[in-house]
Amino acid sequence: MSIRRITLIVGVIIVLIAGGLIAYVFRPPEAASGPLEAVPLALPTTAPTLAAPTAIPTAAQDAPTVAPAATETVTPDAPAPTPAASSGPVLQLFAIDQSRSEARFLIDEVLRGSPITVVGVTDQVAGQIALDPNYPQAAQVGVIQINARTLTTDNELRNRAIKNAILRTNQFELITFTPRVITGLPDTVTIGVPFEFTIEGDLTITDVTRPVTFTVTVTPVSQSEISGLATTTILYRDFNLTIPDSPSVDTVADEVRLELEFVATLIG
């Protein structure tokens, strides 16, 4: 067999392989299998014993009016009054409002010599939060889920590459975060005033789970609504993710910023 013929056969094989890879990467990915629903957060049947709460002020609350002390006749043999026992926190369930919430990732890259930030977003995020505004330290956060099949950027070909070759969303539809420890919750909160804390938990992307810590800023909007922003930074290689080579992309940063901007409302 001549060298020319061998070269031709090798060239054909390379073209077929390249064509197959391109077809795999840019094929239409599967759509979401259905509406995303929150994993129910089980509340404790017995409330923990905590110190009696301080009344929660609002940001624009007027100064309290102090009434004059009343004159009281004390009977010598009367027993001393028994202080009222605190019933502890009464946790109420809040659910993330998908119509006003957004999960997103941000990663920096150099595209044809120009630095850009690729942003992928979706409103398909679900989760529940349990809290009693009078006892902020008793708050709980349930499993947070994101439907990876609904993530979109500003480029359809990039969307397909992310879903087919990076996140493999046909096989792994959901990204999940399971909280384990919440630290830094305040003793009291004020309506309209934001506060910050951290949540440690397990983040699962495709079939890889790694510990991750989110920094969270929450604002109590009212007794029935809260809003907030949770952020963290991960290395995509820690989750065994691989970004396909592209002739138009010069470099891609190792770090990926994850953000969840949410509004949660009282259930019921």
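**Entry 1: ground rules**

Before reading any sheet, I note that two strands pair if DSSP finds at least two bridges between them. The strands themselves (E, at least two residues) and the helices (H or I, at least four) are DSSP runs, numbered from the N terminus. What I have here is a predicted model, in which local features need pLDDT of at least 70 and side-chain atom pairs count only at pLDDT 80 or more, while totals for chains, interfaces and linings use all residues. Residues are numbered from 1 along each chain as its sequence is written, and side-chain values use heavy atoms, with hydrogens and water left out.

**Entry 2: how confident is the predictor?**

I checked pLDDT, the predictor's confidence in each residue, from 0 to 100. The protein's mean is 84, and 74% of its residues reach 70 or more. Residues 12-21 fall below 50, and beyond near neighbours in sequence this stretch has 0 contacts in the model (heavy atoms within 4.5 Å). Residues 47-76 also stay under 50, but for them the model has 27 contacts beyond four places in sequence.

**Entry 3: the S2-S3 hairpin**

I went to strand S2 (residues 102-111) and strand S3 (residues 114-122), which pair in the antiparallel sense over 9 bridges. Leucine 106 faces valine 119 of S3 as its opposite number. The two strands form a hairpin with 2 residues between them, and in the turn arginine 112 has a positive phi of about 50°.

**Entry 4: following S8**

Which strands pair with S8? On one count, strand S7 (residues 144-147) pairs with S8 (residues 174-183) in the antiparallel sense, over 4 bridges. Here isoleucine 146 stands opposite isoleucine 175. S8 also pairs with strand S9 (residues 195-205), again antiparallel, over 7 bridges. For phenylalanine 177, the bridge partner in S9 is leucine 203. A reminder to myself: in a regular strand the side chains alternate between the two faces of the sheet.

**Entry 5: aromatic rings**

I searched the whole structure for aromatic pairs and got 2. Rings of Phe, Tyr and Trp (its six-membered ring) pair if their centres lie within 6.5 Å; planes under 30 degrees apart are stacked, over 60 edge-to-face, and the rest tilted. Why is the pair of phenylalanine 177 and phenylalanine 214 edge-to-face? Their ring planes stand at 70°, with the centres 4.8 Å apart, so the pair gets that label. Phenylalanine 177 is in S8 and phenylalanine 214 in strand S10 (residues 208-222), 37 residues apart, so this pair links distant parts of the chain.

Next I looked at threonine 153, in the loop between S7 and H2. At 15% relative accessibility, threonine 153 counts as buried. Its side chain makes a polar contact with the side chain of asparagine 159 at 2.6 Å (such a contact is a pair of N or O atoms within 3.5 Å; within protein, one must be able to donate a hydrogen and the other to accept it, and residues adjacent in sequence count only if both atoms are side-chain atoms). A polar atom of the threonine 153 side chain also lies 3.3 Å from the backbone nitrogen of asparagine 155. Leaving aside neighbours within four places in sequence, the contacts of threonine 153 include Phe105, Val119 and Ile162.

Asparagine 155 has a side-chain oxygen that reaches to within 2.9 Å of the backbone nitrogen of leucine 157, at the start of H2. In H2 (residues 156-166), the buried residues include Arg158, Asn159 and Ile162. Just after the helix, arginine 168 takes a positive phi of about 50°.

Proline 44 is in the loop between helix H1 (3-25) and strand S1 (92-96). At 39% relative accessibility, proline 44 is partly exposed. Leaving aside neighbours within four places in sequence, proline 44 touches Leu91 and Gln140.

I also noted two positive phi values in residues other than glycine. Threonine 206 has phi near 55°, sits in the loop between S9 and S10, and is buried at 7%. Asparagine 240 has phi near 60°, and its loop runs between strand S11 (225-235) and strand S12 (249-252). At 53%, asparagine 240 is exposed.

Note on methods:
Buried means under 20% relative accessible area, exposed over 50%, partly exposed in between (1.4 Å probe, protein chains only).
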